[in-house]
Every structure is written in structure tokens, then in C-alpha cells.
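Me: I've got this one open and I'd like to talk it through bit by bit. Please put it up and start with how the chains meet.

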Number of protein chains: 2
Amino acid sequence: MADETEVRFGILGCAQISIKFCKAISKAPNTKLIAIGSRSLEKATAFASEQGLSDAVRVYGSYEAVLEDDKVDAVYIPLPTALHVTWAVKAAEKGKHVLLEKPVAMNVAELDQILEACEVNGVQFMDGSMWLHHPRTAKMKEALSDEQRFGQLKWIHSCMTYNPGPEFFKNSIRMKPELDGLGALGDIGWYSIQAILWSVNYQLPKSVLAFPNATLNENNVIISCGSSLHWEDGKSATFHCSFLTYVTFDVTILGTKGSLRLHDLTLPFEESFGYGTFSESSEVDYGKIEQGMWCPKPNEHVVETEFSQDVWMVKEFADLVGKVKRLEMKPEKKWSIVSRKTQLVLDAVKESIQRGYESVEIVMK
Amino acid sequence: MADETEVRFGILGCAQISIKFCKAISKAPNTKLIAIGSRSLEKATAFASEQGLSDAVRVYGSYEAVLEDDKVDAVYIPLPTALHVTWAVKAAEKGKHVLLEKPVAMNVAELDQILEACEVNGVQFMDGSMWLHHPRTAKMKEALSDEQRFGQLKWIHSCMTYNPGPEFFKNSIRMKPELDGLGALGDIGWYSIQAILWSVNYQLPKSVLAFPNATLNENNVIISCGSSLHWEDGKSATFHCSFLTYVTFDVTILGTKGSLRLHDLTLPFEESFGYGTFSESSEVDYGKIEQGMWCPKPNEHVVETEFSQDVWMVKEFADLVGKVKRLEMKPEKKWSIVSRKTQLVLDAVKESIQRGYESVEIVMK
């Protein structure tokens, strides 16, 4: 593919997730990594060498230098959450398209600054939630939308947890309020909220009420929390996110006639083998209690995929950037809206915790 | 097996669940059905004929008549919940051992009358929660108790639902406050609460707080509700029960080092084939995010069983009755305690709903 049809990426920061992202860029058919920047040239050089990046990749000792590079079309920003507003806004102002790691901002006010900068400068925005781009996700949406089989959606539960161990609690940026102050709520609760909103086609709940048991560290960073979410039409959802237990990436979605479950939302169990699975069930005969046949084993659906979900995300982002860059189309708004609604609900859950577990109404501003 | 070593059962009522129970008695090695009573002789005769019961089974036109039958050692009571206190107390007073369907009573005060009558009259009490007797349940407890693999228990979620359809909402006894006024909370929330308590070795939570979205019918019977439960040591649990969605019998239990899940708690997917399964996972390497290998596929455990869980329940109950009857041992208290704690938490959830979703402290009276 000729250079002009490729989207040329720069990366701000050598976070662990950047390793995964470099690989995704190299696999996506329409992108190319051309620059990497870190706060020190030494760190950036070491990263480039460890990851075996091509000599053609420019290595910079500052984030600014990446933004100054005219060849860079788009930047991937995996910096700590508290730095997002600064660097995403600067990137947009330099005309760079923005692929921003989640959680996208400390709150919706910060996100609005980012989105406004993207809008004013005509650049594409997307957050780094990979699962939304896995072909499995579209297949699941088909299943949920089949009213004959699934009926009306009534209830969702999501559980996102992992136990990163004592070293993490001492040293991780996710434990430091000045860096990633949203803790488990931002890191993995983000996915629960997003999956819940995705399930209901991004209809915002009317209110949220955090469970009265959030665990916060000495700096008020959330280590474990959960919430119920309530819609005016009677739908409801609950989620639990925590850094205190073994890994779960669970979502259960219940309709009047069917159910859909998966246990590996954010990282498919066997993505490297090119597929994702989910289970779904419907059509049960409730008349047969005496025969013990009530609870049919769910159907396991296997969705094959050419790329892993991170590659799909990069490809989709690059496709959208390509349309802006070559066809002079307007940036696609969908991803800004998805991120903003997720952040609105996340903010409300945090507010509910801070207000001593009061119910918080969600108002679309 | 000679007659004297068998426990001779009478059944009060020809509910649908009685069909299942008759089969369980016929399969259990230490029991025999000898009497069935209904409010009308006609109904009881029809039931005996439809179920192909032996001519030796006495058929009575009243519940009293079963209790008056000196040959009856024990009674199974599947009557509507509101009638339990009357008939379980009468049964105990007649010296009959009591196997009582769940939910055991409308509230703990009623249950205490039943348990006192059993205690005073030296008869065995057990509620009809079959899953507790499946060999799978003991295997799951082994997995949870292995601190090397599971770590410390931190969080539990259970979801119990089914959608019995419009006919049920119009006519089921579970929709009538004078009969089964606990609705979905009693019918299936009972199992969620029991599974949660079972997970924590029956340690009562300090408080419960119902989710602010219970659905009640025009007679105040609960159609859908849920709650969070909180322990002093920081453990917590949530559950959701509903008659509005497709069937789920889910429990997820999370420890610091492992997880345990099953999706068919109350009725195993394939019980008729003689096994039950659960999935469990532990030992994950959180260092490998860039390789997408975080979320290992859980191990599926298959527990083979000679009998289905209903048969195991009847057998265990009859074993205990046999000890009282032949060895003059005292009745086993464990099952009274399990039922009572379940009812205490259930009462607290109901109270939380009635008080407009206030937190309710649980006090062991």
C-alpha cells in the first residue's frame, strides 16, 4: 500500500499498553507507526530498541516533538488519565487525529475540552476500548436485536475485576490521584458502564446509585466499587469493579425471551487463535419443572476474526481518519458520543460514592 | 430393604412439585411414599392415578387425615407459603418429621413457630432446597475452601430469573398475597440468598440494601427485585431475582486468587445424565497485558452423581429421620439454622423495599 493511503501514527508515551498498540499498528493494513515520544529520549530509544521498531520510526525525547512532526497524521495517547486533557487538546490543535486510551478524562468537563478541540480542528476522536471493534460485538448486537429470540431487554449485570497484587497498590499510576485518580472505576468500571450502555443502544440511565461498600485507598482512589443504574422504562443494570479479586470480564444481558453472556469481554479468552465466543439461550419450556428440564445449556457462538480486536480498532480509526484526510469528510461523531456517555455515567457513579451513596440523576448536558 | 428401616412419607397437597417429589421418593433407597392428601379426595385420587402410585399408597381427602395416619413418619409440605406455619406446626405436633418447601414461611416469626414446634416434638426439619444436596455443591465448597487457589472470598453475585408468562401473572398462587406473598423474592430470590450465605459459611451480613427498582404487582407481590448485602469484614454480594426475564440460575463467587461460576444452580443443565458442572479459574499472570493473555478460560469441572439432587435431598432427610426414629438421636439442627438465616436475610430485603430502599441491619435474634 502506498504511503499516502496509510495513516501515519505517533505514540505519546512508552506505557506497557504501547507495546500492544505497536503490534496492532503493524498488523492493521492501513496504518504505519512513524514516531514515538517519551519524556526522555533515553526511554524512547530503549522502547524502540526493545520492541524492534524499524529505523524509520522517529524517536523523540518529548511529546511535543511528536506533535510537531508534520508527517504524523494521528496520535495514540496512553498517558495517565490526568494528563489526557492537556495532551489530547494539544494534539488536536496541531491537527492530529486522536486515539485516546480509556478512561478518557478525569471527568466530563475535561472530556468536553478534548472533544471541542477535536471538533474545532476537524480531527477524528476515538477512545481505546478495543472490545467494541471485535466482530463478536456486532454479532452479539444482532442477537440482542432479534426480538423474536431475545425479547425486550430488562436487565444487565457486569463484573470487571482483577487482582494486580501488592506492588500495584504501592506503585501503579492507577493508585495515584494526581495521575489516574479514577482507579478501578476508570480502569475497568469503564468497560462495565460502556458494555451496559452498548447493550441499551447508548440510552442513558435516569439515575445511578453506588453500592454502599466502595473501597478507597488513603488518597481516595477507588479500589473497588459498584452501582445500580436505572432507566425510566424499568430497565436496570448493576456492575461491580474491583482490584481486589481474581480476573473477571463478565457481562450478562437478560431479555424477556433470551439471555446473552460472556466472560471475557475486554480480552477474549483465545483471541490469538482468531475467534471470540459468547453464549446465548432462548426458548425454554417452563411447563416441565417435574422433569428438571428448565434451564437449557446455552448455545455457544464462535465468531471467527481475521484480526484481534486491537487491530480492528486501529483499522477502524484509520479508516475514519482516511476519510477525513483524503475525502475531506467530517470526522465521525459516533465515538465521541459513546465516550462522553460512558464518562457521564462514570462521573455520576463517582459522585454517588462521594455523596455518601445518594442517588444521582443523569442529565445530558 | 425392610419396611422398618425406610422412612414412610406422606405428602400434603398435589402441587406440581409433588410430581417431582414422588419420583424422588421412589428413587431414594431409604424412603417410601405411603400417603397423599389433598383438600378433596377427588383431587388426591386423580393425582395418585395420574402419577401411577401404588395401590398401597393411602389417598386422603384432607391434610389432617395424612397427619392422623400413624404409619406416616414424615411429611413433605409443598403448600402455598402462607399455609406453611399452620400445617408444619400441626405436622410437628403430630410427631411427623417436616420436609418443607421453600420459601419456608412468610417471615422469620412464622418460621420460628415452626422450628419451635419441631424442637418441642423432637422431629427433624429441613427445607426443600435441593441444590444444597447435589454432590456438586460439596465439590464447589472444597474449591472455595482451598485458600491456595481461591484466596479469600470477597464478592458474590447471583441472578435467578425466569419468565413464566402472562397466565402465571393472572393465576399463579405466587402472585396472590394471601398465598405466596413473597413472589419472586421467595420463589427464586430465596436461592440467591441461600447461595450467598452458603458461600460465606452462613455468616450473616451486617446489612442489606435493596436496589431502588423493585417491581411489585397491584397486590404488592414482588415480581422483580434485588439487593446488595454487606459484611463487616468488607465482603459484599448482590443478587437479582425476577419473573420478567428468561431463565438464569447464576452464581459467581470471587476470591482474591480465583473465581467460581455456575449458571444452573437450582436445576443442573443435564441432571438427568447424572452430573453437574461448575467452572473455576485461578493462577493468572497479570504481567502479560501486551500479549492479550490475561483472562484464562475457566476450568470446567464435572461432578458425577448417582442420583439427581432431589433424590439426594430426600435421602439425606430420611437418613436424619432414621437416626431420630431408630437410634433415638436428636434431630440435626443444621438445616433449621440454614433456613432461618436465609429467611432472616429475605425478610431484611423485603423490609428494605417496604421502607423505600433504606439500609436494613440484620440482627440475629
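## How the two chains meet

Reply: 100% of the interface residues of chain B are interface residues in chain A as well, so the copies meet through the same surface. Contact here means heavy atoms within 4.5 Å. Keep in mind that the model is predicted, so local features need pLDDT of at least 70 and side-chain atom pairs pLDDT 80 or more, while totals for chains, interfaces and linings use all residues; side-chain values use heavy atoms, without hydrogens or water. Residues are numbered from 1 along each chain as its sequence is written, with chains lettered from A and ligands numbered from 1 in the order written.

Me: How much area do chain B and chain A bury between them?

Reply: On the contact count, 57 residues of chain B touch 57 residues of chain A. Buried area is the accessible area (1.4 Å probe) lost when two parts are put together, summed over both. Carbon and sulfur atoms carry 66% of it, and the total for chain B and chain A is about 5100 Å².

Me: Which residue of chain A forms a salt bridge with D250(B)?

Reply: A salt bridge needs a side-chain nitrogen of Lys or Arg within 4 Å of a carboxyl oxygen of Asp or Glu. Two of them cross the interface of chain B and chain A. With its closest N and O atoms 2.8 Å apart, the pair of D250(B) is made with R261(A).

Me: Which element gives the most to the side of chain B that touches chain A?

Reply: The elements giving two or more residues to that side of chain B include α1 (16-27), β7 (153-161), β12 (248-255) and β14 (275-282); helices (H or I, at least four residues) and strands (E, at least two) are DSSP runs numbered from the N terminus. With six residues, the top contributor is β12(B).

Me: Where is the cis peptide bond's P103(A)?

Reply: The bond between K102(A) and P103(A) is cis, with omega about -5°. In chain B, the peptide bond from K102(B) to P103(B) is cis too, with omega near -5°. P103(A) lies in the loop between β5 (97-100) and α5 (108-120) of chain A.

Me: And N201(A), where does that sit?

Reply: N201(A) isn't a glycine, yet its phi is positive, near 55°. Its place is the loop between α10 (183-199) and β8 (207-210) of chain A.

Me: How many residues apart are K90(A) and E64(A)?

Reply: Their side chains meet in a salt bridge, 3.8 Å from N to O. K90(A) belongs to helix α4 (residues 84-93) and E64(A) to helix α3 (residues 63-68), distant parts of chain A, and the separation is 26 residues.
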